[in-house]
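Please read it beside the structure.

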Amino acid sequence: MDDEPAARYGLRRALESKYHIAEADSAEAARDALMTEKPDLVLLDVVLPGQDGLSFLKSMRDQGSMVPVLMVSALDAAKTAVDALRLGAADYLVKGFELDELRQRVANLLKLASLEQENDSLRRQLATEGQFGGMIGRSEEMRRAFEIADRVAATDSTVLILGESGTGKDLLAQEIHARSSRSGKAFVRELRGAARTLIESELFGYERGAFTGAAQLRRGKFEQAHGGTLFLDEIGDMNPVTQAKVLRALENRTIERLGGRRRFPWMCG
């Protein structure tokens, strides 16, 4: 995707002998092309009319698209490149590159994407055969649980894991985290057994002076897990008031520290 016809022409000529190419001159046109063409790779310029390339990349990832993106830009700025990679770009190429370098970068990214798809396929096969990470379960119920867990790992949905004590809920949660897009972020546990006031301060944190002994600000488990996964153990043992607060946090994706008046957005699995 590039707003300059000459740039799009050069990219198309460099790649069309080996790949099917779909062009777009704006974010709106690219959004339509993603739906209709279902590309294996997106070449995305940083500077575009209307919505810029970085914003478009963020919207792609927010909507769950995991298509590899190669950012192509005239801006040889480290910050722009870092921002692009942080937002989920697979690679960054500065304009003025040799065509052979472009072809090699594209080939490498497509090969990596193909290997990742094969890996996902093998993991799903293992799940159906009764193996899920370090867990093994041959019964039909366990294989079904592994299959469902493997599917939800690719989403940002809140997951409820049911099972008696000792059946491996913690292990299952860890494996879901390991297979998710959040795997590089924190996996934070909140274990059962704390008193009401303690567990609320642990979960939501507190402001300085919120209660006797609150000498300084403390960030809770929700904030610590931001971008990663928060595992709440035995939520059924929480008192109803705390359960209601947790439910509100899950629905609104915001939290409020004890003793505070400001709400903070958070995002984790």
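Helices (H or I, at least four residues) and strands (E, at least two) are DSSP runs, numbered from the N terminus. The model is predicted: local features need pLDDT of at least 70, side-chain atom pairs count only at pLDDT 80 or more, and totals for chains, interfaces and linings use all residues. Residues are numbered from 1 along each chain as its sequence is written, and side-chain values use heavy atoms, with hydrogens and water left out.

**Sheet**
- Three strands form an open sheet in the order β1-β2-β3, with parallel pairing; two strands pair if DSSP finds at least two bridges between them.
- β1 (42–45) and β3 (91–94) are the edge strands, each pairing on one side only.
- From one strand to the next the twist averages 25°; axes are lines fitted to C-alpha atoms, for helices over the stretch in contact, and angles run from 0 to 180 degrees between N-to-C directions.
- Strand β2 (residues 69–73) is joined to β3 by four bridges, and M71 stands opposite Y92 in β3.
- Helix α3 (residues 53–62) packs on the sheet and touches β1 and β2, its direction making about 170° with that of β2; contact means heavy atoms within 4.5 Å.

**Salt bridges**
- The structure holds 18 salt bridges, each a side-chain nitrogen of Lys or Arg within 4 Å of a carboxyl oxygen of Asp or Glu.
- Within helix α3, D62 and K58 lie four residues apart, about one turn of the helix, and their side chains meet in a salt bridge (2.8 Å, N to O).
- D62 counts as exposed at 55% relative accessibility, whereas K58 is partly exposed at 42%; buried means under 20% relative accessible area, exposed over 50%, and partly exposed in between (1.4 Å probe, protein chains only).
- R179 and D150 form a salt bridge with their closest N and O atoms 2.8 Å apart; this pair links helix α7 to helix α6 across 29 residues.
- R179 is buried because its relative accessibility is 12%, and D150 is buried, also with 12%.

**Surface**
- L160, L162 and I235 form a nonpolar surface patch with about 340 Å² of accessible area together.
- Such patches are made of residues with over 30% relative accessible area and no salt bridge: like charges are joined within 9 Å, nonpolar side chains (Val, Leu, Ile, Met, Phe, Trp, Tyr) within 5 Å.
- Accessible areas come from the Shrake-Rupley method with a 1.4 Å probe; for residues, only the protein chains shown count as cover.
- L162 sits in the loop between α6 (140–152) and α7 (169–179) and is exposed, at 73%.
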